[in-house]
Amino acid sequence: MKAATQLAAGPVTPMPAEVMIDQVVGGRRGRRRRTRALRAERPGVRISAWITVVVLGGFALLPVYWLVATSLTPATQVFAYPPRLIPSEITLEAYAKLFADPDLFIYLRNSVIVSAITAVLSVLVSAYMGYSFSKFRYRGRRALMYFVLASQMFPQALLLVTLYTVFAAYGLLNTYTALVLSFTTFTLPLCVWMLKGFFDTIPDELIEAARVDGASRLRTIHSIVLPLSAPGLVAAGLFAFVRGWNDLIFALTLAGPDKQTLPPGLVNTFIGEASTAWPELMAASIVTSLPVAIAFIALQRYLVGGLTAGAVKG
């Protein structure tokens, strides 16, 4: 009876193999999604997830809390044993001493000048280099790209002696120029590769359309490519700024007291051979970290877009 019904209905069309595979895979994915949804609805899974988040967050924020607590602790109680997680007495004496020191503002000025120039120079050079690596094809391009990347393999201390000798020969020691050039040496490779990944996501058809309309290559870069690459430029500039802001070894070696930035200046001011002024040092660390933290919060949207733009080529 069943065979007669099938014959009456006509021949059965065989299902293509691709359709069968899609149905099988889709069914498995659907079952996996339903299984994950059921697991997520369980109270134990949610509680475990929140416990994990709290533990990891506490582990990450504990140094920041200890930094703030030490800056608010009187100097006589810093070395109390056993150490107290919550200070028994809170004082702003460390911050008062910090802002009463005129050298702090000199170090702050030097850090702002050096970091800002480093960021602008790194973005300016890496933008053209990254665009060249992304949109042009020429002999030696790939070798040059890997050479730029390989320069990150050399440790900073290895190049410090060479840079010191070169800057001393040209009379650049204890100048902003020496600090900017040394910082840019290490920020440029990563900025180049970061912007290259961003330029890869810009369609070539858009550039070709600009050339058809009569725009020169420089006009195309300045009017079309760079405005579309604003998140990548901000991410590269912020990275270069932080690199110049946090450097210790180059600023300590290549600059004198009047050109030193915040990290070596704070070390020389609050860390001595016999003792360390921990509350003042922690207060200075908080004050000098605030500009970078504010910049990260304000530019977070551009920073995330710039760092992830080259992950998947559109």
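Which residue forms a salt bridge with Asp 258? The partner is Lys 259, with the closest N and O atoms 3.6 Å apart; a salt bridge here is a side-chain nitrogen of Lys or Arg within 4 Å of a carboxyl oxygen of Asp or Glu. Asp 258 is partly exposed, at a relative accessible area of 38% (buried means under 20%, exposed over 50%, partly exposed in between, with a 1.4 Å probe and protein chains only).

The model is predicted, so local features need pLDDT of at least 70 and side-chain atom pairs count only at pLDDT 80 or more, whereas totals for chains, interfaces and linings use all residues. Residues are numbered from 1 along each chain as its sequence is written, and side-chain values use heavy atoms, with hydrogens and water left out.

The chain averages a pLDDT of 81, and 82% of the residues score at least 70; pLDDT is the predictor's confidence in each residue, from 0 to 100. Confidence is highest in helix α5 (residues 102-135), at a mean of 92, and lowest in helix α1 (residues 2-9), at 46. Helices are DSSP runs (H or I, at least four residues), numbered from the N terminus. Over residues 1-10 pLDDT stays under 50, and the model has 0 contacts there beyond four places in sequence, a contact being heavy atoms within 4.5 Å. Residues 310-314 also stay under 50, with 4 such contacts.

A search of the whole structure finds 7 salt bridges. Asp 204 and Lys 135 meet in one of 2.8 Å, N to O. Asp 204 lies in helix α9 (residues 204-212) and Lys 135 in helix α5, so the pair ties together parts that are 69 residues apart in sequence. Asp 204 is partly exposed, at 45%, while Lys 135 is buried, at 19%.

In helix α4, the side chains of Lys 97 and Glu 93 meet at 3.3 Å, N to O; the two are 4 residues apart and thus separated by about one helical turn. Lys 97 is partly exposed, at 44%, as is Glu 93, at 41%. Glu 93, Lys 97 and Glu 280 are linked in a network of salt bridges.

These three residues are among those lining the largest cavity, which has a volume of about 60 Å³. A cavity is a set of points on a 1 Å grid over the protein atoms alone where a 1.4 Å probe fits but cannot get out, and lining residues have an atom within 4 Å of a point. Helix α4 gives the most to the lining, with 3 residues.

Key: 1 Å grid on protein atoms, 1.4 Å probe; cavity = no way out; pocket = protein on both sides within 12 Å on 5 of 7 lines; lining within 4 Å. Points joined across faces, edges and corners; volume = space filled by probe spheres on them.
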